[in-house]
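Here are my notes on the model you sent over.

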Amino acid sequence: MKLLVDSGATKADWIALDEQGNRLFTTQTLGLSPEVINKEEALERLEARFDIYNNRKDVTNLFFYGAGCGTDRMKSYMSGVFQEFFPNAEVVVKEDTYAAAYATNPTNDKAIVCILGTGSNCSYFDGKELIQKVQSLGYIAMDDCSGNRFGRDLVRAYYFNKMPQHLSEKFAADYNLDPDVIKHNLYKEPNPNAYLATFAKFLIQNKEDAFIKKIITDAMQTFVDNYILQFDDAREVPVHFVGSIAFYLKAELEEVLGVNGLKLGNVLRRPIDGLIEYHELN
């Protein structure tokens, strides 16, 4: 049995395939990012899914593409976790940008590949390897234009009284904005980045409002400036995206990229289905 896994900070999508490439089951766990959970939490999340736990000794190959797995240390760490849980499996761990590259570009053409979901990232794919000029420092220092950054912007706008009253009232009606609740989720609960990203739904639902539209446009321009335009031939190759933020704000992305002379490529909400095609072709 082969397992393909695409994991963000919020959730992880799993597909099990037999030797002929037939789909055996699909499932989902909480996110398995080594930046925000420890070994015990990771194993608990794996054990919580009966279909994964029940088949763990039958897995021969595990291909894990995960947020927070961009360094050799984190790859080695997650490999150790999976090797313990899947004792008979050959384990391959790569950062989640590879899943984005393979899913949006299964023919391995040159492209820029971006992630805009709970977190964000951007790499250049040369047809074989991902090239990254800027190392991500995670949700506190970076993650421009991501769900957690948009959530942070909305909460700050609300508390600094910068949000227009009509939006402020809607925001307060949709979420529990008690300061103790917010601080508890940010500093006492696991995955504060995923908590912040829950506010991004409000941004998407109200994206036509002038105040929200400016937040979106400014964030996308920052992402273009800091991430995409770091590559010399950015205007010569397509720019692919995966992630819920990119998927639901595709029109806004295309507009901002167009202003900057960039070509929007494929946009996928989740890369997991595209990974099947990639592994069949390769």
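This is a predicted model: local features need pLDDT of at least 70, side-chain atom pairs count only at pLDDT 80 or more; totals for chains, interfaces and linings use all residues.

1. The buried residues themselves are Gly147, Asn148, Arg149, Phe150, Gly151, Leu154, Val155 and Ala157. If you wonder about the spacing, an α-helix has 3.6 residues a turn, so residues three or four places apart point the same way.

2. How far does H5 reach from its first C-alpha to its last? With 13 residues, H5 covers 18 Å, close to the 18 Å expected at 1.5 Å a residue. After the helix comes Asn161, which has a positive phi, near 60°.

3. H5 also turns up in the second largest pocket, where H5 (147–159), helix H7 (179–187) and H8 each supply at least two lining residues. This pocket holds about 390 Å³ of space. It has 14 lining residues, and those nearest its centre are Arg152, Ile182, Leu186, Tyr187 and Leu196. By class, the lining comes out as 10 nonpolar, one polar and three charged.

4. Now for the largest pocket, with a volume of about 1,100 Å³. It is lined by 47 residues, and Gly8, Ala9, Gly117, Thr118 and Gly119 are the closest to its centre. The lining splits into 15 nonpolar, 22 polar and 10 charged residues.

5. Which element gives the most to the lining of the largest pocket? That would be H9, with four residues. At least two lining residues each come from strand E1 (2–7), strand E2 (11–17), strand E7 (120–125), helix H8 (192–197), helix H9 (200–205) and helix H11 (244–248).

6. Ala9 deserves a look of its own. It sits in the loop between E1 and E2, and is among the residues closest to the centre of the largest pocket. Is Ala9 buried or exposed? Its relative accessibility is 10%, and buried means under 20%, so Ala9 counts as buried. Leaving out neighbours within four places in sequence, Ala9 touches Gly31, Ser33, Ala67, Thr118, Asn191 and Asn193. Pro190 is 181 residues away from Ala9 along the chain, yet their C-alpha atoms are separated by 11 Å.

7. On to the aromatics: the structure holds 20 aromatic pairs. One of them is Tyr158 with Tyr159, an edge-to-face pair at 5.4 Å centre to centre with 75° between the planes. Tyr158 is partly exposed at 21% relative accessible area, and Tyr159 is partly exposed too, at 39%. Phe247 and Tyr248 have ring centres 5.2 Å apart and planes at 85°, so this pair is also edge-to-face. Both of its members are partly exposed: Phe247 has a relative accessible area of 39%, while Tyr248 has a relative accessibility of 34%.

8. Asn108 is not a glycine, but has a positive phi of about 60°. You'll find Asn108 in the loop between helix H4 (96–104) and strand E6 (111–116), partly exposed with a relative accessible area of 22%. Asp143, again not a glycine, has a positive phi of about 60°. Its place is the loop between strand E8 (130–131) and H5, and with a relative accessible area of 7% Asp143 is buried.

9. How many cavities of 30 Å³ or more does a search of the whole structure find? The search turns up one. The largest cavity has a volume of about 30 Å³, and its lining is made of Ser120, Asn121, Cys122, Gln132, Val134, Ser136, Tyr227 and Gln230. That lining has three nonpolar, five polar and no charged residues.

Notes: Residues are numbered from 1 along each chain as its sequence is written. Side-chain values use heavy atoms; hydrogens and water are left out. On a 1 Å grid over the protein atoms alone, a cavity is a set of points where a 1.4 Å probe fits but cannot get out, and a pocket is an open set with protein on both sides within 12 Å along at least five of seven lines; lining residues have an atom within 4 Å of a point. Grid points are joined across faces, edges and corners, and a volume is the space filled by probe spheres set on the points. Ala, Val, Leu, Ile, Met, Phe, Trp, Tyr, Cys and Pro count as nonpolar, Asp, Glu, Lys and Arg as charged, and the others, Gly among them, as polar. The expected span of a helix is 1.5 Å times one less than its number of residues. Buried means under 20% relative accessible area, exposed over 50%, partly exposed in between (1.4 Å probe, protein chains only). Rings of Phe, Tyr and Trp (its six-membered ring) pair if their centres lie within 6.5 Å; planes under 30 degrees apart count as stacked, over 60 as edge-to-face and the rest as tilted. Contact means heavy atoms within 4.5 Å.
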